Amino acid sequence: MLNQIIETKRTEIKSLVQPSLVNVQKKSLYQALSKPNRSIGLIAEVKKASPSKGIIKEDFNPLEIALGYEIGGADALSVLTDRPYFKGHRDYLSAIKQQVNLPVLRKDFIIDRVQIEESVRMGADAILLIAGVVPNIELKRLYEEAAGAGLECLVEVHAKEELESLLHEFTPSIIGVNNRNLKTFTTDLSQTETIGSLVPRNSLFVSESGIHVTEDLERVKRAGAHAVLVGESLMRAESPAEGIDSLYGGEHIAATR
Ligand SMILES: O=C(O)c1ccccc1NCC(=O)[C@H](O)[C@H](O)COP(=O)(O)O
């Protein structure tokens, strides 16, 4: 599936038309996750559909969901901008960034520098880079190019060997361990436990995918994750704020923020 998605991206890039620049105030994902509202940080995802689950939310209003996440005390947002597989849109991100006072991660499949310019123009604070979809040397180039353009990167890995080889090339400030196997679509939180032990101490460690209930959150916290990236379980909740409250078992927002 990942190969198919990347092929689609290559085709999209050939005819990409850059959007107009959206004028927004930058917010740091790194800083937000370094001082989370609760005992473990939350990147709450705005996700209508996915290849593994099909349509997750029929009645989908991205801005309302994002505002609900902000009210619920999310530290940052992840917004899917991929259209064919996740039914996202770059306009969703721009609209959210203009209305919500949180760092916004562009969740897409970034393989080319033109997508970095596109991300800046749409107003993203950060982008996702996935290890293994381009060679590590190229990933490092994209990482540096993004930094030069004022974008932070969440660099995602799926296997211990992938992280080891990535760390030979460079050390990302924010490293995501994806618990979803992109071939079988199954999620397994032991990924966070096994790969997490290799995340360098000075990088922020985000556990991604398959986090549904408080026990899951506690488990990845014990494994050393500083933050979680959660989509489906929040999207299926009664409301975004209720979803966050239930995931955190009613944990209150720290008064010091
Ligand atoms: O979600 C999918 O089915 C998927 C399939 C292929 C590539 C990526 C995919 N998901 C991207 C993500 O990283 C998740 O949206 C994110 O981690 C949230 O996961 P979840 O909480 O399980 O919705």
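How many residues of strand β4 (residues 76-80) are buried? For β4, 5 of its 5 residues are buried, so the strand is mostly covered, where buried means that 20 or more other C-beta atoms, placed from the backbone, lie within 10 Å of a residue's own, exposed means 12 or fewer, and partly exposed is in between.

## About the model

Residues are numbered from 1 along each chain as its sequence is written. Please keep in mind that this is a predicted model: local features need pLDDT of at least 70, side-chain atom pairs count only at pLDDT 80 or more, and totals for chains, interfaces and linings use all residues. Helices (H or I, at least four residues) and strands (E, at least two) are DSSP runs, numbered from the N terminus.

Let's start with the overall sheet. Two strands pair if DSSP finds at least two bridges between them.

Together, β4, helix α4 (residues 90-99) and β5 form a right-handed β-α-β unit: with the strands pointing away from the viewer, the path from the first strand over the helix to the second runs clockwise. In the loop between β4 and α4 sits Lys87, which has a positive phi of about 55° although it is not a glycine. Lys87 counts as partly exposed because it has 18 C-beta neighbours inside 10 Å.

## The nonpolar core

A nonpolar core is a set of buried Ala, Val, Leu, Ile, Met, Phe, Trp, Tyr and Cys residues joined through C-beta atoms within 7 Å. The largest one here has 69 residues, and Leu77, Ile127 and Cys153 are among those with the most contacts inside it. β6 gives the largest share of this core, 5 residues.

Strand β6 (residues 126-130) pairs in parallel with β5 (residues 104-107) over 2 bridges, and Ile127 in β6 stands opposite Arg106. Cys153 is in contact (C-beta atoms, placed from the backbone, within 7 Å) with residues including Ala126, Ile127 and Leu129, leaving aside its neighbours within four places in sequence.

In the loop between β6 and α6 (136-148) you will find Ala131. Ala131 is buried because 22 other C-beta atoms lie within 10 Å.

## Helix α11

Which residues of helix α11 (residues 240-247) are buried? They are Pro240, Gly243, Ile244 and Leu247. These residues cover an arc of only 95° around the axis, so they lie on the same side of α11; the arc is that of the directions from the helix axis to the C-beta atoms. Their cover includes β1 (41-46), α3 (62-71), α9 (214-222), β10 (227-230) and α10 (232-235). Just after α11, Gly249 takes a positive phi of about 55°.

Note on methods:
Contact = placed C-beta atoms within 7 Å.
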